[in-house]
Amino acid sequence: NLTEIERLSKGFWKQLMKRKQHELRNPYFGDLFLELINNEQFMTVYQSYINGLDHALKILEHTKLSKKGPTLATTQYNNLPIGAYLVMPVQRVPRYILLLRDLLKSTPLSHPDHNNVQTSLNSMEQIAALINENKKFSENLSKIKEVINHFRKEEKEKLTKEMLGDEKKKERHLLQQGTCLNTAQKMMSLFVFNDFVLCGIKSEHEKRERKDKSSRTTANHEHHEKHEKREKKEKKEKKERREKERKLTVVFMAYLIDCRIQEVDEGE
């Protein structure tokens, strides 16, 4: 949504220049900031851009590893990489705050524009805080979805409902993830949230299924079936097997109460 950000910024700039030219002796700017802030699209476009920036930078970083020669990610403009320009819109709101603070210092209490400048500063600071809060929520939501994607397809719906289907999802965030051994010396994946613990283990059924498919693939090679259609099918199966290797089966789920796992009596 860079187009929307550019349109808002250019429109605001034109208003500032027009006001400066027409009121050289005693220009007023507070009302223009208020008009910008009250524009419904102002927060929406910046929030959307900021939430998607991390993903865009990851894609950019990935393209740097390309062996196809120079790319957009490796090209510099005025001695700055493209990533530096992508970050600039994020800095816009904090810079508005700094500008309004300086403007407020230079505007006497008796000046007619003082109240508008003060109100604009307060509103801009509230918007910045809200954008940061929404960004954290968006990042937490993405992390939770990444955890859910570690599990088998059959369990994703249940996990999605359990982890994202209540009012606590706005406060839920991932604290730590790692691996550990159970009593059978099998490796388990552990995901610890501020109010929730989730543990998963690779399915034995999937392991047997991968072994059976591998045997069929080997048999195909032994019979020298190298037809193009067969090779494509085998590549697809190999890709599916690799995908399944990452998938987990839920071992247990538990909510945390006062930083302790809730205990259930054996008789219940």
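Which exposed residues are carried by the face of H7 turned away from its buried side? The exposed residues on that face are Glu 154, Glu 157, Lys 158 and Lys 161, where exposed means over 50% relative accessible area, buried under 20% and partly exposed in between, with a 1.4 Å probe and protein chains only. The model is predicted, so local features need pLDDT of at least 70 and side-chain atom pairs count only at pLDDT 80 or more, while totals for chains, interfaces and linings use all residues. Residues are numbered from 1 along each chain as its sequence is written, and side-chain values use heavy atoms, with hydrogens and water left out.

The protein chain contains nine helices and seven strands; these are DSSP runs numbered from the N terminus, with helices (H or I) of at least four residues and strands (E) of at least two. Of its 268 residues, 29% are buried. Among contacts (heavy atoms within 4.5 Å) with a separation of 6 or more, 63% join residues 24 or more positions apart.

Helix H7 covers residues 153–164. Its twelve residues reach 16 Å from the first C-alpha to the last, close to the expected 16 Å, a span defined as 1.5 Å times one less than the number of residues. Glu 155, Leu 159, Met 163 and Leu 164 are buried in H7. Viewed down the axis, the buried residues of H7 fall within an arc of 125 degrees and so line one face of the helix; the arc is taken from the directions from the helix axis to the C-beta atoms. An α-helix has 3.6 residues a turn, so residues three or four places apart point the same way. On the exposed face, Lys 158 has a relative accessible area of 58%. The C-alpha atoms of Lys 158 and Ile 148 are 9.6 Å apart, and the two residues are ten apart in sequence.

The discussion now turns to the nonpolar interior. A nonpolar core is a set of buried Ala, Val, Leu, Ile, Met, Phe, Trp, Tyr and Cys residues joined through side-chain atoms within 4.5 Å. The largest has 29 residues, of which Phe 12, Phe 33, Phe 42, Tyr 46, Val 93, Tyr 96 and Met 124 touch the most other members. Helices H1, H2, H3, H4, H5 and H6 each supply at least two residues of this core, and H3 gives the most, with seven. Leaving aside residues up to four places away in sequence, Phe 42 touches Leu 8, Leu 36, Ile 37, Val 93, Tyr 96, Met 124 and Ile 127. A second, separate core of twelve residues includes Val 147, Ile 148, Leu 174 and Phe 196.

Seven aromatic pairs are found in the whole structure. Rings of Phe, Tyr and Trp (its six-membered ring) pair if their centres lie within 6.5 Å, with planes under 30 degrees apart counted as stacked, over 60 as edge-to-face and the rest as tilted. The ring centres of Phe 12 and Tyr 96 are 5.7 Å apart and their planes stand at 90 degrees, so this pair is edge-to-face. Because Phe 12 lies in H1 and Tyr 96 in H5, the pair ties together parts 84 residues apart in sequence. Phe 12 is buried at 4% relative accessibility, and Tyr 96 is buried at 7%. Ring pairs link Phe 12, Phe 33, Phe 42, Tyr 46 and Tyr 96 into a cluster.
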